[in-house]
Amino acid sequence: MGQATSSNLGPHVYAIADLSYRQMMGQERKSQSILISGESGAGKTESTKIVMKYLTTLGTAHIGDDGAEEKAGDMSIMTKVLQSNPILEAFGNARTLRNDNSSRFGKFIELGFSRSGSLLGAKIQTYLLEKVRLGFHASGERNYHIFYQLLRGADDDQKKKYNFHDGDTHGIELVNYFHYTGQGGAPSLREFTDEDGLGYTLKAMRSMGWDETKIDSVLSLVAGLLHLGQVNFDSVENDAGQEIAVISDPRIVTNAANLLGVDEEKLRAALLERILITRGEAITIQLAPAKAVDSRDALTKTIYGALFLWVVSEVNKSVIWQNESDVRSSTGVLDIFGFECFAVNSFEQLCINFTNEALQQQFNKFIFKMEQAEYEREQIQVSNQDWHEVSKVSYMSLTKTYYRRFFLFCIITSNDNSGILFPSLTTKIALIQFRVSQVVSWLCLMTNVG
Ligand SMILES: Nc1ncnc2c1ncn2[C@@H]1O[C@H](COP(=O)(O)OP(=O)(O)OP(=O)(O)O)[C@@H](O)[C@H]1O
Ligand SMILES: [Mg+2]
């Protein structure tokens, strides 16, 4: 009977993490990349967490070459790095029909180690948060976990502070009362309750060193967006005989503005008006009710997107290594969201699927290359198949098409006419171009194009 070795067994998450650490500690101190791919629910995020746990554990109790424990790394760094997961999952994961804890963003986490193998910290990059979910989610699905955690887990003081008045809901559970959380029936998660989820998120935020004021401002923004989703519009006729939107209940806008920390009048204008600038002249157009609803949801997406990026940058500040020059080698782990195909697919989903497809090609390229090299070593005759060249041509044309579509897509989805977030159209376009070039260069990097 043959013996089980790493070459005749399938890939195993601990074996891969272990090999990665050994390579980093080898003579050449080679940095590593681990790409975790698979369809939604396959276990990518759980595997990423196992890799992180394994590597951070080795990096905090490093065993020297002579077998003696050389020096214990900083335990608090390990805790912080691992505690980044509950925070990112609260803000970037949601329940879907396939997975109760589906990642709706891509994540690349780089763990940095010293020459002696001690963990120095981590750097997290995120990609393509699914913003469509903020305004709409299908039956049986949910919006981002943090909304449900706050609504179900808030204590009496928080309920008062965030204006979650049970009395106003006519007996409907808060999560089903709010428009942004109730569209899919607000199912609970199977593995833990949302009340517990809030506990995990708060614990993680505190272990990052966030004080209560900072935590409260984050939760206020989350509550503010929930109230923003409650703003509805009535239709009235203006002097020119056009149907225009008016806010049905002005108290809700007051509520949302207070929690979001923005000027109430500006928020009202952002919801009801569009400003067109032609030849330096600003023209205010009053929106029809359906357009005002789009405007409300676009504002929510923009604010939540900015909040998510801010949360990631704050997490990074807590976990990043102090001196770049101390990092001798690193392991990067890529946990991308899974391929999915819904009954109705947004352009955003197309982008997600495209990225996955690109990653799959990358994976194929290496596997086939390795297989071919093995055949050559064993002198087995097989026809030579150049996988890289085949995919390169199709990706080059696809990437160009996607560049153009991304550009349009960003303009369409960031329907911010308030001037609060983007002061001028020129700045807005420059920002969009910058973001698009970031995404495209990342796609090119992943596909080895250009
Ligand atoms: N190694 C594991 N041990 C225990 N449970 C697991 C493991 N891997 C996956 N699971 C279970 O499967 C669920 C889905 O896993 P995970 O969230 O990692 O999937 P995913 O591939 O990241 O999906 P998505 O693309 O939707 O983010 C987990 O919530 C957990 O219940
Ligand atoms: Mg995941």
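Leaving aside its neighbours within four places in sequence, which residues is Leu225 in contact with? They are Tyr180, Thr300, Ile303 and Tyr304, where contact means that two C-beta atoms, placed from the backbone, lie within 7 Å.

## The model at a glance

This is a predicted model, so local features need pLDDT of at least 70 and side-chain atom pairs count only at pLDDT 80 or more, while totals for chains, interfaces and linings use all residues. Residues are numbered from 1 along each chain as its sequence is written, and chains are lettered from A and ligands numbered from 1 in the order in which they are written.

The chain has 16 helices and 12 strands; these are DSSP runs numbered from the N terminus, with helices being H or I of at least four residues and strands being E of at least two. Of its 450 residues, 35% count as buried. Buried means 20 or more other C-beta atoms within 10 Å of a residue's own, with the C-beta atoms placed from the backbone (12 or fewer is exposed, in between is partly exposed).

Now for helix H10 (residues 212–228): its buried residues include Val218, Val222 and Leu225. Among what covers them are helix H5 (145–153), helix H11 (250–260) and H13.

## A four-stranded sheet

4 strands form an open sheet in the order S1-S12-S6-S7, with mixed pairing; two strands pair if DSSP finds at least two bridges between them. Strand S1 (32–36) and S7 stand at the edges, each with a single partner strand, so one side of each has no neighbour in the sheet.

S1 runs parallel to strand S12 (residues 329–335), joined by 5 bridges, and Ile34 stands opposite Val333 in S12. Strands S6 (residues 106–113) and S7 (residues 119–127) are antiparallel, with 8 bridges. S6 and S7 form a hairpin with 5 residues between them, and Gly117 in the turn has a positive phi of about 95 degrees. Phe113 has Leu119 in S7 as its bridge partner.
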